[in-house]
Amino acid sequence: MSTTTAKIQTAKVRKRVNTDRLTLSIIGYVTLIVLAVFCIVPFLLVVSASLSEESSIIEKGFQLIPSTFSTEAYGLLFKYPAEMLRAYGVTITVTLIGTVLGLFLTSMTAYVLSRRDFKWRGRFSFFFFFTTLFSGGLVPSYLLIINFLHLKDTLLVLILPMLMNVFYIIVMKSFMSSIPDAITESAKIDGAGDFRIFLQLIVPLSKPALATIGLFIALAYWNDWYNALLYISKSELMPLQYYLYKMLGNMDGMRKAMMASGAVVNTDLPTESLKMAMTIVATGPILLAYPFIQKYFVQGLTIGAVKG
């Protein structure tokens, strides 16, 4: 009798557990679907607005489905395809070089700071952290780059100022600290040097963190326009974001000049739709890279976050 009762109770517990799991799964999926809708709908609005006539946007606002289809904004955006392709080339070049160099230097710095046998790591860590609280400011950095380093109107001026980020170093250091010391100690016993240990052992084990930090660095370089505004005057060195920024500024300036002169402003001049088209052109390529490293993204953010 007791055995039968125990089996019944076990069945009830299993049924309750299965019910709780099903309820939790339903809640989780519904929550994810709602969040996905909140993320997708704005992007669809941007795509729709970029393919709408300016007068339709002014009259009816943003719509998920364009009431009047028009590619005028993209036609204006690619009116000079050679300049657009050149801006794309500068941005892609700066992003690739900056991401590779920045990731290499960030990971090397983080590895040194994570080594427990490095007696100066505490002081160097404080030195890096101090720069996040206090900095020289814009004027000293501008004078340094222009008058002393002479980097104005060069690709290096778009790469060097953003090459290393202290926050990324701290995140990478936290990840590498979770790698067992026995791995590096066994490699040292076999005669491997520090640089070989870093390249052949630490780097392969840090792929999730490298992918995550690499994505952050690539996004920073891809979206940067401020350094170009300060240090670039040659049109052939303008990155994509700064090129689009100048184009939009010229469009707004033309509208204001027409209003100031008392002329009738053409409502079909694609200002709002041009902004949306610029958003698509600027974010589209970098969005294509995300699915390839998405599997490392969550793992890179969570591994090493909890210490035992």
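## Aromatic pairs

Twelve aromatic pairs turn up in this structure, which is a predicted model. Let's look at two of them, starting with tyrosine 111 and phenylalanine 198. Their rings sit 5.5 Å apart centre to centre, with 40 degrees between the planes, and the pair is tilted. Tyrosine 111 belongs to helix α4, while phenylalanine 198 belongs to helix α10 (residues 194–205), so this pair ties together parts that are 87 residues apart in sequence.

Both partners are shielded. Tyrosine 111 has a relative accessible area of 7% and is therefore buried; phenylalanine 198 is buried too, with a relative accessible area of 3%. The second pair joins phenylalanine 127 and phenylalanine 128 in an edge-to-face arrangement, 5.9 Å centre to centre and with 70 degrees between the planes. Here phenylalanine 127 is exposed, because its relative accessible area is 51% and the cut-off for exposed is over 50%.

## How α4 meets α5

Helix α4 (residues 81–114) also packs against helix α5 (residues 121–133). The angle between them is about 135 degrees, and their axes are 9 Å apart. The two helices are therefore oblique to each other.

Which residues make this contact? On the α4 side they are Thr109, Leu113 and Ser114, and on the α5 side Arg121, Phe124, Ser125 and Phe128.

Notes
Residues numbered from 1 in each chain as written. Predicted model: local features only at pLDDT ≥ 70, side-chain atom pairs only at ≥ 80, totals over all residues. Heavy atoms only, no water. Axes fitted to C-alpha atoms, helices over the stretch in contact; angles between N-to-C directions. Helix = DSSP H or I, 4+ residues; strand = E, 2+ residues; numbered from the N terminus. Parallel < 35°, antiparallel > 145°, perpendicular 65-115°, else oblique. Contact = heavy atoms within 4.5 Å. Phe/Tyr/Trp six-rings, centres within 6.5 Å; stacked < 30°, edge-to-face > 60°. Buried < 20%, exposed > 50% of the residue type's maximum accessible area, 1.4 Å probe, protein only.
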